[in-house]
There are 2 protein chains.
Amino acid sequence: MNDEPERISLSLTDVRALAVRVLEANGLGPAHVDFVADTILAGERDGCAAHGIYRLTNCVKTLRAGKVNPNAVPKELSAASAVTRIDADGGFAQAAFAAGLPRLVERTRSYGIGILAINRCVHFAALWPEIEAVVEQGLVAFACTPSHAWVAPAGGNAPLFGTNPIAFGWPRPGEHPFVFDFATSAAARGEIELHARAGKPIPEGWAIDEDGCSTTDAAAGLSGSLLTFGGHKGSALSALVELLAGPLIGDMTSAESLSYDDGAKASPFGGEIIIAIDPEGVLGEAAAAHIARAEGLFEAILAQGARLPSERRYASRRRSAVEGVTVPKQLYDEIVSYA
Amino acid sequence: MNDEPERISLSLTDVRALAVRVLEANGLGPAHVDFVADTILAGERDGCAAHGIYRLTNCVKTLRAGKVNPNAVPKELSAASAVTRIDADGGFAQAAFAAGLPRLVERTRSYGIGILAINRCVHFAALWPEIEAVVEQGLVAFACTPSHAWVAPAGGNAPLFGTNPIAFGWPRPGEHPFVFDFATSAAARGEIELHARAGKPIPEGWAIDEDGCSTTDAAAGLSGSLLTFGGHKGSALSALVELLAGPLIGDMTSAESLSYDDGAKASPFGGEIIIAIDPEGVLGEAAAAHIARAEGLFEAILAQGARLPSERRYASRRRSAVEGVTVPKQLYDEIVSYA
């Protein structure tokens, strides 16, 4: 991989069609193809290269390894009245999310707060597309999911936690929502892989080696452990993700997911939790005025020259709607070869 | 303040009696004294010096400045069925929490998840005593509250966020719960004040000066802005706290709280949100087995020689139950002078 690889232009229609072709060619059932293709499209459209067509390589690996049920039928499980629990039947998370979303929204509106717990799903995507879908309904949303055990707890020396993303969304009248979505690891594993491929050192604080010593050697970091962001605080948040989207909903921790993977290098398998809150359930008719008042916080952030967390994604979205996207030709050729 | 100030020994009974005396002498009403004294006791007992009798200085300042209603009567406001909203009537948060807790527990058990929103309260305490009270009921708990605007958003250059603590608790059968409670600022404001008093430099990354430039000068940091922990990720979490415990529940942001304070240097005024989840509401009878399975995560953390976030507090609690505590004599004398 050189620094300026040849790129080719694709319309958003091309991107989606490519995703559909690759997924169908690898046996993903018709009830799942559109959902997964939409997720791939959203990543590419919003300039998140790691979650665009590149992510099809994981999907294909997972499908070919038999680590996902291509014809999974999501099924609702019983739970308390504000809790919606969907068994994804070993399929990709998207169909289970789609099955649970209307119930999450309805119950959150009834009770003021609600949970959507997705079990036994394969999760390869960013969380913000799901967060956006909940926030579009006028709700506040939080989501998290474990991954594979690649990250050491603060003060530890071996992988235990996943990269464990946390995401949050808040509705903004007339604007794209305020959304953040970040790994609780200091850096994404893919980022360290790219440094290893390029033979470049990684910054201090990203990883430790197999002996638990701080390292700037990317390869040593990959065979050792990633570190959490923010020291013991990030580590505590990573534990929160393991607990909320693991045992709380009766699903696997990142260590259990990696052990289930058994070397297949498939996407993580396990659970996801989404919590939604209805501002009207808290404040009744006064909610709209307070949602409007929150705009003052965003204005104050922007007035300092600081960025809102989702800004770059929305800028890419506006641009790609007009111009389409460009992707590295080598990656494109690889993806096409999967179809 | 020298490095090894003279200390005096107090029993836990002495600590609580001192708190009661000081609070009563400063006009705090009988419906509040016990709650606030218990909070002060919990801080001192658990080795959190900043939340022990030292914190009485803030309580007294707040009472004398008329920034708290000493005879507040908490009152429930209407909300959706899983939401308990308590108007603290301008009083310290503790009595409002106590008024709302039984309803939070009951509703969380009914619906699987619940919110306790406390409005118009003065909040000077750590969040873990409240988290522990919820988790003792077998529930999972999350809490946060804004404070005063002392912290700049990532990429910004002026105070906007509070130190905005986030706390979480998870029940452990036969053990103290797993609890974390941390400020989303890189360091506590009090920590920087101690450096300034001692004329010691602060680490890079704690604060910026009034021009928005990184500083290791504690005084320059205090007149500038604190920074969040973990860069843009900590900053995003701090915004989450502003939104959830501010506009979502119809209460003030940290900037609004500081403006309300108007130079009195009283404790922050505004809201607090507590979210509780009942594992049995999610999993029914299977919950206990999964709660037991979560112990594997804690064992794996400890097996690496890493610490659980609440360990040091529980060690202090065991020790102080037998030995009592020691406090700096100068602080003790100051506190006694308030009575």
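**View 1. The contact between chain B and chain A.** In this predicted model, 68 residues of chain B are in contact with 68 residues of chain A. The two chains bury about 5200 Å² between them, and 75% of this area lies on carbon and sulfur atoms. On the side of chain B, the greatest losses of area to chain A are those of B:Lys233, B:Leu248 and B:Gln304, which together account for 14% of what that side buries.

**View 2. Polar and charged pairs across the interface.** Between chain B and chain A there are 16 residue pairs in polar contact. Helix 8 (residues 231-244) of chain B gives the most to the side that touches chain A, with 9 residues. By class, that side of chain B has 44 nonpolar, 18 polar and 6 charged residues. The interface holds 2 salt bridges. A salt bridge joins the side chains of A:Glu256 and B:Arg293, with an N to O distance of 2.7 Å.

View 3. The same surface serves both copies, as 100% of the contact residues of chain B recur in chain A.

**View 4. A salt-bridge network in chain A.** A:Arg45, A:Asp46, A:Glu132 and A:Arg317 are linked in a network of salt bridges. Within chain A, the side chains of A:Arg317 and A:Asp46 meet at 2.6 Å, N to O, in a salt bridge. This pair links distant parts of the chain, 271 residues apart: A:Arg317 is in helix 12 (residues 311-323) and A:Asp46 in the loop between helix 2 (30-45) and helix 3 (56-64). A:Arg317 is buried, with a relative accessible area of 13%, and A:Asp46 is buried at 2%.

**View 5. Salt bridges within chain B.** The side chains of B:Arg172 and B:Glu295 form a salt bridge with an N to O distance of 2.7 Å. B:Arg172 lies in the loop between strand 6 (165-170) and strand 7 (178-183), and B:Glu295 in helix 11 (residues 287-303), so the pair ties together parts that are 123 residues apart in sequence. B:Arg172 is buried, with a relative accessible area of 13%, and B:Glu295 also counts as buried, at 12% relative accessibility. A salt bridge of 2.8 Å, N to O, joins the side chains of B:Arg45 and B:Asp46. B:Asp46 is buried, with a relative accessible area of 2%.

Notes:
Residues are numbered from 1 along each chain as its sequence is written. Chains are lettered from A and ligands numbered from 1 in the order in which they are written. This is a predicted model: local features need pLDDT of at least 70, side-chain atom pairs count only at pLDDT 80 or more; totals for chains, interfaces and linings use all residues. Side-chain values use heavy atoms; hydrogens and water are left out. Contact means heavy atoms within 4.5 Å. Buried area is the accessible area (1.4 Å probe) that two parts lose on being put together, summed over both. A salt bridge is a side-chain nitrogen of Lys or Arg within 4 Å of a carboxyl oxygen of Asp or Glu. A polar contact is a pair of N or O atoms within 3.5 Å; within protein, one must be able to donate a hydrogen and the other to accept it, and residues adjacent in sequence count only if both atoms are side-chain atoms. Helices (H or I, at least four residues) and strands (E, at least two) are DSSP runs, numbered from the N terminus. Ala, Val, Leu, Ile, Met, Phe, Trp, Tyr, Cys and Pro count as nonpolar, Asp, Glu, Lys and Arg as charged, and the others, Gly among them, as polar. Buried means under 20% relative accessible area, exposed over 50%, partly exposed in between (1.4 Å probe, protein chains only).
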